[in-house]
Amino acid sequence: MHEPANADRLPLMACHECDHLYRLPNLADRSLARCQRCGTILARGMKNSLDKTLAYTLTALVLFMIANTYPILGLKAAGQEQHYTLFSGALVLVQYNLWEVSVTVFLTSILFPLLHILGLLYTLLPLRGARLPRYFIPVFKVALSTLPWSMVGVYMLGVLVSIVKLADLATVVPGLGLYALVGLLLASVAAAASLDPLSIWQLADRLRRER
Ligand SMILES: [Zn+2]
């Protein structure tokens with residue numbers, strides 16, 4: 001990666017492996033910038049990265065609302081059928097004294113995905129219209145850091161269903177909310193794959209200096 005001619009106007013970034021400093025220009029679509037010292041990928045060029053990320057994030061928001069409105073699963077036992085939403089499911093766990101599991105389900109399936117989605121919308125929607133939102137830096141950091149935790153939610157749910165099944169407590173019937181939750185995971189992965197944090201930081205930095 002050689003330095004571009006107008007390098008002094010670009011923000012500095014360090015290679016996260018060897019700390020060598022670079023000023024990166026905007027990259028062409030599907031291109032890669034590698035560290036010339038250690039070969040680590042510094043950034044990827046992605047076409048319409050912002051638009052794609054926003055589209056997937058809006059999809060994720062709709063799926064999040066469905067996942068939280070409709071039952072994720074029904075349990076059939078002794079001729080009775082109970083339906084649980086994500087929230088009522090987390091509450092039921094408290095009744096069984098499973099506080100830790102309940103809090104983990106609430107955080108990873110409800111709170112963190114919501115923070116992640118709203119954080120991305122709060123930061124990226126204004127950026128798309130060339131406006132810098134007031135709390136851009138802390139909110140974008142929260143949006144980036146809550147993503148891995150949102151992924152754990154679906155895993156937690158899988159574990160829960162296996163426990164119920166293994167213990168032969170009841171027949172598990174998947175609900176519409178569960179499908180929405182899986183869709184939410186896919187939309188979040190797609191949004192994360194289209195997101196190019198470096199170009200977002202650079203755009204934000206440019207808007208801040210133009211203000
Ligand atoms: Zn390096």
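Two strands pair if DSSP finds at least two bridges between them. Helices (H or I, at least four residues) and strands (E, at least two) are DSSP runs, numbered from the N terminus. In the hairpin of β5 and β6, 2 residues lie between the strands, and Ala 78 has a positive phi near 50°.

This is a predicted model, in which local features need pLDDT of at least 70, side-chain atom pairs count only at pLDDT 80 or more, and totals for chains, interfaces and linings use all residues. Residue numbers start from 1 along each chain as its sequence is written.

**Confidence**

- The protein chain has a mean pLDDT (the predictor's confidence in each residue, from 0 to 100) of 83, and 87% of its residues reach 70 or more.
- Within the protein chain, helix α1 has the highest confidence, at a mean of 94, and helix α4 (residues 136-166) the lowest, at 76.
- Where pLDDT is low, the predicted coordinates should not be read in detail.

**Strands and hairpins**

- Strands β6, β5 and β7 form an open sheet of 3 strands in the order β6-β5-β7, with antiparallel pairing.
- Because β6 (80-84) and β7 (171-174) are at the edges with a single partner strand each, one side of each has no neighbour in the sheet.
- From one strand to the next, the twist averages 25°.
- Strand β5 (residues 73-77) runs antiparallel to β6 and is joined to β6 by 5 bridges.
- Gly 74 has His 83 of β6 as its bridge partner, and Ala 77 has Gln 80 of β6.
- Strand β3 (residues 32-34) and strand β4 (residues 41-44) run antiparallel and are joined by 3 bridges.
- Arg 34 has Ile 41 of β4 as its bridge partner.
- The hairpin of β3 and β4 has 6 residues between the strands, and Gly 39 there takes a positive phi near 85°.

**Helix α1 against α3**

- Helix α1 (residues 49-69) and helix α3 (residues 99-128) have axes that come within 10 Å and cross at roughly 145°. Axes are lines fitted to C-alpha atoms, for helices over the stretch in contact, and angles run from 0 to 180 degrees between N-to-C directions.
- The crossing of α1 past α3 is left-handed, meaning that the near helix is turned anticlockwise from the far one by less than a right angle (clockwise would be right-handed).
- Residues of α1 in this contact (C-beta atoms, placed from the backbone, within 7 Å) include Leu 50, Leu 54, Leu 61 and Phe 64, and those of α3 include Ile 110, Leu 114, Ile 117 and Arg 128.
- By class, the contact of α1 with α3 has 14 nonpolar, 3 polar and 1 charged residues. Ala, Val, Leu, Ile, Met, Phe, Trp, Tyr, Cys and Pro count as nonpolar, Asp, Glu, Lys and Arg as charged, and the others, Gly among them, as polar.

**Helix α1 against α5**

- α1 packs with helix α5 (residues 176-194) at an angle of about 165°, and their axes are 8 Å apart.
- The two helices, α1 and α5, are therefore roughly antiparallel. Angles over 145 degrees count as roughly antiparallel, under 35 as roughly parallel, 65 to 115 as roughly perpendicular and the rest as oblique.
- The crossing of α1 past α5 is left-handed.
- Among the α1 residues that meet α5 are Lys 52, Tyr 56, Thr 59 and Ile 66, and on the α5 side Gly 177, Leu 181, Ala 187 and Ser 194 are among them.
- The contact of α1 with α5 comprises 13 nonpolar, 8 polar and 1 charged residues.

**Helix α2 against α3**

- Helix α2 (residues 86-95) and α3 have axes that come within 7 Å and cross at roughly 165°.
- α2 and α3 are therefore roughly antiparallel to each other, and α2 passes α3 in a left-handed crossing.
- From α2, Phe 87, Ala 90 and Leu 93 are among the residues that meet α3, whose residues in the contact include Trp 99, Val 105 and Phe 106.
- The contact of α2 with α3 has 10 nonpolar, 3 polar and no charged residues.

Technical notes. Contact = placed C-beta atoms within 7 Å.
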